[in-house]
Amino acid sequence: MLACFRQILAQPSIAIDLGTANTRIYAGRGEDFREEPSLVQHIRQDQKVHAPDDYFTYLNTQFTSSPLRGGVIVDIHNAVSLLKPLLKQTRTGLRHPVSLACAPTDTSEKERKRLAEAILGAGAAHVAIIPEPWAAAIGAGIDVSKPTSQLLIDIGEGVTDLAVLRGGRLVYASAVRTACHDLQQAIKNAVLSRYRVNLSQPDLERLTHEIDSGREYDPTAASPINLTGIDIIRHLPREITVNREEIIKAMTPVLTKILGMIETGIRRLPPWFATEVQDSGLWLTGGGSCIRGIDRLLAARTNLAVHLTPDPNHAVINGAIKALHGWKEQAEWWKRITWPTLPS
Ligand SMILES: Nc1ncnc2c1ncn2[C@@H]1O[C@H](COP(=O)(O)OP(=O)(O)OP(=O)(O)O)[C@@H](O)[C@H]1O
Ligand SMILES: [Mg+2]
């Protein structure tokens, strides 16, 4: 009875990874976290006039979108709509939860404030924000307390974040708001301009999952892929055959940008961090780390050993959960969490 009362009155602590593609939320009760696409349905004015064909099914899928771009909230109203039902499900007692959330390292104070406002608007009582790669490193099982530099790169949907951790602290970071979304967009545009066919989001994702980006570009070794999209002239489904090389060619400029940012980030490391990173190599997390061949491309470009991590898509939320467990017994733990000051 007393335990029951205590639970009703206790202030719950939850963890949130609000990503551009996926939102993960942990209710703080020792269960698994929940994962949902970061998509909000936009209500159309003419929603009653559905024609029962694929074109309208396709059009309807276009009316869902993420309230985030490049890892940050661009539409706070929809971010609240996305989070509200998820936070509601974490409620157990009378009190609103305290939330530990994660943000890319290059976010401005204003962007982090918007994240906090969205989570508060969805029903949290307080919000504390930590850098995503710091959480990712903990979630990936990296010993962040080591007194030597460890380099982690998280490639997500909207942001590629590079961070050096040393002695439990984030000591260097650099990010670019280019990631998997841009790869899919590049493929979409290439197919659209060549075939006048619009591919669906699931097909674009499937392509980035299947194509080996690290393979040498060889136009003679074209292997065909059959896809169905919507012909933008006739507004009807059309099957097309594309070859892998076309897709790799479309992906290459985006991959080059991501790899270039990583290379520049590493080149700018203070010398003592750079020497230590030479020994430890780099760890990859985020959905983008699963792109076939990205480890080979990175190893060739940086001359560093590349370590793939277990469950890279969930490293951030797993790390946030671990951190939450370490802190939540401390009274008003969220007040002691501050955003690190990083060298610019
Ligand atoms: N096996 C895979 N191969 C290639 N890409 C993958 C694979 N698994 C996931 N992805 C891609 O990873 C992206 C999502 O990554 P992730 O969930 O880390 O992003 P996010 O956390 O929502 O975004 P961000 O942190 O940038 O705001 C999607 O574009 C998805 O297609
Ligand atoms: Mg992420």
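A residue is called buried if 20 or more other C-beta atoms lie within 10 Å of its own, exposed if 12 or fewer do, and partly exposed in between, with the C-beta atoms placed from the backbone. The structure is a predicted model, in which local features need pLDDT of at least 70 and side-chain atom pairs count only at pLDDT 80 or more, while totals for chains, interfaces and linings use all residues. Residues are numbered from 1 along each chain as its sequence is written, and chains are lettered from A and ligands numbered from 1 in the order in which they are written.

The protein chain contains 11 helices and 17 strands, where helices (H or I, at least four residues) and strands (E, at least two) are DSSP runs numbered from the N terminus. Of its 344 residues, 42% are buried. Two residues are in contact if their C-beta atoms, placed from the backbone, lie within 7 Å; of the contacts with a separation of 6 or more, 70% join residues 24 or more positions apart.

A nonpolar core is a set of buried Ala, Val, Leu, Ile, Met, Phe, Trp, Tyr and Cys residues joined through C-beta atoms within 7 Å. The largest such core has 88 residues, among which Ala101, Leu152, Met251 and Ala320 touch the most other members. Helix H8 (residues 244–267) gives the most to this core, with 9 residues. Beyond four places in sequence, Met251 touches Leu183, Ala186, Ile187, Ile211 and Ser213.

Thr228, which is found in strand E14 (residues 224–231), is partly exposed because 13 other C-beta atoms lie within 10 Å. Leaving aside neighbours within four places in sequence, Thr228 is in contact with Pro237 and Glu239; the C-alpha atoms of Thr228 and Glu239 are separated by 4.3 Å, although these residues are 11 residues apart along the chain.
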